[in-house]
Amino acid sequence: RHSTKILKLEELQAEFVSAKMGKPGNTAAADLLKSCGYRMEILTKPSQLRWWFPASMSKAEAEAILEAKPDF
């Protein structure tokens with residue numbers, strides 16, 4: 001899990017499994033993140049992956065955070 005508010009969908013699903021709540025499907029997990037004010041973008045830095053981050057954060061800000069602290 002990334003130490004910022006930037007995450008991958010799979011990380012959220014893994015948290016549900018570790019809490020013994022079952023794995024939500026991709027659509028359910030994406031809907032949950034959207035309802036919490038997150039949005040998904042394909043970030044090209046440091047690598048081209050789909051990341052979820054707060055809607056108030058710009059894509060450039062999210063990429064800068066990942067480049068500065070790549071603990072994913």
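Modeller: A28 is found in helix α2. Helices here are DSSP runs of H or I with at least four residues, strands are runs of E with at least two, and both are numbered from the N terminus.

Biologist: What sort of model is this, and how are residues numbered?

Modeller: Residues are numbered from 1 along each chain as its sequence is written. The model is predicted: local features need pLDDT of at least 70, side-chain atom pairs count only at pLDDT 80 or more, totals for chains, interfaces and linings use all residues, and side-chain values use heavy atoms, leaving out hydrogens and water.

Biologist: What makes A28 partly exposed?

Modeller: Its relative accessible area is 44%. Buried means under 20%, exposed means over 50%, and partly exposed is in between, with a 1.4 Å probe and protein chains only. So A28 is partly exposed at 44%. A28 and S58 are 30 residues apart in sequence and 24 Å apart in space, C-alpha to C-alpha.

Biologist: A30 is in helix α2 as well. Why is A30 called buried?

Modeller: The relative accessibility of A30 is 14%, so A30 counts as buried. Contact means heavy atoms within 4.5 Å. Leaving aside neighbours within four places in sequence, A30 is in contact with L9 and W52.

Biologist: How do you know how α1 is oriented against α2?

Modeller: Take α1 at residues 9-18 and α2 at residues 26-35: their axes come within 10 Å and cross at roughly 100 degrees. Therefore α1 is roughly perpendicular to α2. Axes are lines fitted to C-alpha atoms, for helices over the stretch in contact, and angles run from 0 to 180 degrees between N-to-C directions. Under 35 degrees counts as roughly parallel, over 145 as roughly antiparallel, 65 to 115 as roughly perpendicular, and the rest as oblique.

Biologist: Which residues make the two helices meet?

Modeller: L9, L12, Q13 and F16 in α1 meet N26, A29, A30, L32 and L33 in α2. By class, this contact has seven nonpolar, two polar and no charged residues. Ala, Val, Leu, Ile, Met, Phe, Trp, Tyr, Cys and Pro count as nonpolar, Asp, Glu, Lys and Arg as charged, and the others, Gly among them, as polar.

Biologist: What covers the buried residues of α1?

Modeller: The cover includes α2 and β2 (49-54). The buried residues of α1 are L9, E11, L12, Q13 and F16.

Biologist: What makes a set of residues a nonpolar core?

Modeller: They must be buried Ala, Val, Leu, Ile, Met, Phe, Trp, Tyr or Cys, joined through side-chain atoms within 4.5 Å. The largest such core has nine residues: L7, L9, L12, F16, A29, A30, L33, Y38 and W52. The elements that give two or more residues to this core are α1 and α2. Apart from it lies another core, of seven residues, among them W51, F53, A62 and L66.

Biologist: R39 lies in strand β1 (residues 38-43). How exposed is R39?

Modeller: R39 is partly exposed, because its relative accessible area is 24%. Beyond neighbours within four places in sequence, its contacts include W51, M57 and K59. R39 and W51 are 12 residues apart in sequence and 8.3 Å apart in space, C-alpha to C-alpha.
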